[in-house]
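Let's take a walk through this model together, one stop at a time. Have the viewer open and click along as you read.

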Amino acid sequence: MSDVNPTISDRVVSDRHVGAVLAAAAGDALGAGYEFGPPLPADEPVHPRGGGSFNWAPGEWTDDTQMAACILSVLADGSTDIDSIAANFRTWYQHGPADVGIQTSTVLSQAGDLRSIAAEHARAHPSHSAGNGSLMRTAPVALAAPGQPDVIAQLAAEISALTHADLSCQDACVLWSVAIDHQVHHAPRSDQPWSFADAVRVGLEYLPADRRDEWAVLIHRADGASPREFPKNGWVVHAFQAALAAATSTPVPPGPDAGRHLQLTLEHAVRAGGDTDTVAAITGALLGSRWGATAVPAAWQRILHGHAADPTPVLTAIDLDSQARLAANGGRPDPNGWPGRPSMVDHYRQLPRPPQGRDAEFHGVRFGDTVTLDAAIADGAQTVVSLCRMGTDDVPSHVEHHVVGLHDTGHSDNPNLTLLLEDVADHIQDAHLSGRSTYVHCVAAENRTPSVAAAWLIRHHGYDADNALAVAGRGLNPPQSFLVDGVRSVRPAED
Ligand SMILES: [Mg+2]
């Protein structure tokens with residue numbers, strides 16, 4: 001059975017698929033530095049600062065995302081083979097990860113079939129086998145069978161049961177994974193209301209009949225509650241409720257700021273204290289599948305990193321993005337071979353209207369296209385902000401690289417347009433102020449690059465929209481009207 005809403009664009013669906021994985025990782029990294037801490041005041045700033053019990057680096061994700069990546073990499077190969085996922089968990093454990101949950105460690109330290117070991121553990125320790133360690137890693141599962149909640153439910157339960165066979169753990173993974181898929185395909189535009197609790201209720205029908213009522217009550221109690229009401233959040237039920245409570249009790253900002261709900265909710269989840277990285281990872285999976293990867297702040301994405309089953313290579317936001325897109329497409333890249341293709345620049349240069357080599361400098365930052373990219377790198381660009389799909393080798397690894405999901409195809413493909421333009425402008429400003437030689441580009445600098453340049457001039461250089469658009473349009477190209485509207489909605493930075 002396929003169940004999708006055809007009015008939601010493919011690009012938004014992809015942004016939400018990536019968002020589920022990326023926001024979970026971002027929540028994990030945000031909470032890492034606060035793990036096992038007390039609840040924090042509502043006005044306490046929360047950052048992906050690192051530190052914590054295991055001395056994480058700033059922006060580094062923890063075991064939650066390491067294990068999620070063990071699942072994601074199998075799905076990105078186009079497989080849903082449970083044994084391959086189990087093998088990745090084994091590999092991960094054998095490398096001695098910095099942090100590993102007690103229950104996960106107990107299961108993975110025993111030889112034999114994981115399903116049997118986990119089932120026996122649940123039988124032998126009925127009151128100590130319902131940790132949050134499978135819910136924390138379930139974000140990628142929904143990508144395995146888009147629009148097929150019955151398949152997702154089965155897979156979520158099976159993957160949970162590799163380490164967490166307790167029925168509460170399996171149920172929670174089913175409800176969360178089905179909710180992720182439901183939101184990807186059914187959540188409306190960012191300016192429309194949406195109930196996260198109702199999205200979680202969609203999965204009730206995929207639970208065994210005798211457990212639905214209990215979960216309906218648990219969901220009801222969490223809907224609109226404070227996440228602090230669920231302090232035993234190492235337990236899967238409280239972790240589930242704390243995450244849902246954070247999502248449903250954080251007000252959605254009005255107008256173009258709606259997507260900021262993702263950031264505000266993750267901060268809210270972390271301030272509840274306890275198992276902060278895991279609750280925020282669980283929360284992030286739900287939030288990302290509604291607001292999309294484009295709602296994850298660039299400042300978080302820029303430093304986000306960690307590993308999967310093996311300690312190397314170190315993966316970044318771009319790697320999670322690529323793997324999530326492949327996973328959601330049965331392991332296949334798009335017709336142009338992206339993601340995974342070494343060079344998209346080669347592809348762009350063979351387009352019927354290839355890029356012309358546009359290049360302009362405004363207040364010390366260079367803006368251009370995929371022809372001038374090479375020159376910018378040769379000239380020593382230290383930060384490259386790409387506003388288009390890129391190949392794996394188009395930007396050398398010593399250059400800081402950030403890829404932004406801004407589309408030149410229409411308003412409906414950009415659910416967080418104002419927010420995204422402002423966020424990219426702030427990211428450029430941060431890189432520029434830190435003394436980094438910064439280059440911003442899209443394919444041909446006809447639409448996206450002049451729009452972002454104008455947003456940056458408005459936000460950080462005191463231009464009004466008319467002047468910013470005129471300057472960016474003269475230097476590069478005047479963008480099309482929906483992007484002009486987006487630029488006109490950009491506000492000057494507050495400081
Ligand atoms: Mg963790």
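Helices here are DSSP runs of H or I with at least four residues, strands are DSSP runs of E with at least two, and both are numbered from the N terminus. Before going further, keep in mind that this is a predicted model: local features need pLDDT of at least 70, side-chain atom pairs count only at pLDDT 80 or more, and totals for chains, interfaces and linings use all residues. Residues are numbered from 1 along each chain as its sequence is written.

Is Pro-58 buried or exposed, or something in between? Pro-58 counts as partly exposed because it has 15 C-beta neighbours inside 10 Å. The cut-offs work like this: with C-beta atoms placed from the backbone, a residue is buried if 20 or more other C-beta atoms lie within 10 Å of its own, exposed if 12 or fewer, and partly exposed in between. Leaving out residues up to four places away in sequence, Pro-58 touches Pro-48, Arg-49, Gly-50 and Ile-303; contact means that the C-beta atoms of two residues, placed from the backbone, lie within 7 Å. Pro-58 and Leu-387 are 329 residues apart in sequence, and their C-alpha atoms are 25 Å apart in space.

Phe-36 sits in the loop between H1 and H2 as well. Its phi is positive, about 65°, although Phe-36 is not a glycine. Most residues other than glycine have a negative phi, and most peptide bonds are trans.

H1 (residues 10-32) and H2 pack with their axes 9 Å apart, at an angle of about 160°. The axes are lines fitted to C-alpha atoms, for helices over the stretch in contact, and angles run from 0 to 180 degrees between N-to-C directions. That angle makes H1 roughly antiparallel to H2, a label for angles over 145 degrees; under 35 counts as roughly parallel, 65 to 115 as roughly perpendicular and the rest as oblique. At the contact, Val-21, Ala-24, Ala-25 and Asp-28 in H1 meet Asp-64, Thr-65, Ala-68 and Leu-72 in H2. The residues of this contact divide into five nonpolar, one polar and two charged. In that sorting, Ala, Val, Leu, Ile, Met, Phe, Trp, Tyr, Cys and Pro count as nonpolar, Asp, Glu, Lys and Arg as charged, and the others, Gly among them, as polar.

H2 turns up again at helix H6 (residues 149-160): what covers the buried residues of H6 includes helix H2 (63-76), helix H3 (82-94) and helix H7 (167-186). Those buried residues are Pro-149, Ile-152, Ala-153, Leu-155, Ala-156, Ala-157, Ile-159 and Ser-160. With 12 residues, H6 reaches 16 Å from its first C-alpha to its last, close to the 16 Å expected; the expected span is 1.5 Å times one less than the number of residues. Helix H12 (residues 276-291) has 16 residues and reaches 21 Å, close to the 22 Å expected. H12 is mostly covered, with 16 of its 16 residues buried. Just after H12, Gly-292 takes a positive phi of about 90°.

Two cis peptide bonds are next. One runs from Thr-312 to Pro-313, with omega near 0°, and Pro-313 is in the loop between strand S1 (305-306) and strand S2 (315-316). Another joins Trp-338 and Pro-339, with omega about 0°; Pro-339 lies in the loop between helix H14 (317-328) and helix H15 (345-349).

Five strands form an open sheet in the order S3-S4-S7-S5-S6, with mixed pairing; strands pair if DSSP finds at least two bridges between them. S3 and strand S6 (400-403) are the edge strands, each pairing on one side only. The twist averages 20° from one strand to the next. Strand S3 (residues 359-362) and strand S4 (residues 365-368) run antiparallel, joined by four bridges, and Phe-362 stands opposite Val-365 in S4. These two strands form a hairpin with two residues between them, and His-363 in the turn has a positive phi of about 50°. Strand S5 (residues 383-386), by contrast, runs parallel to S6 through four bridges, with Val-403 in S6 as the bridge partner of Ser-386.
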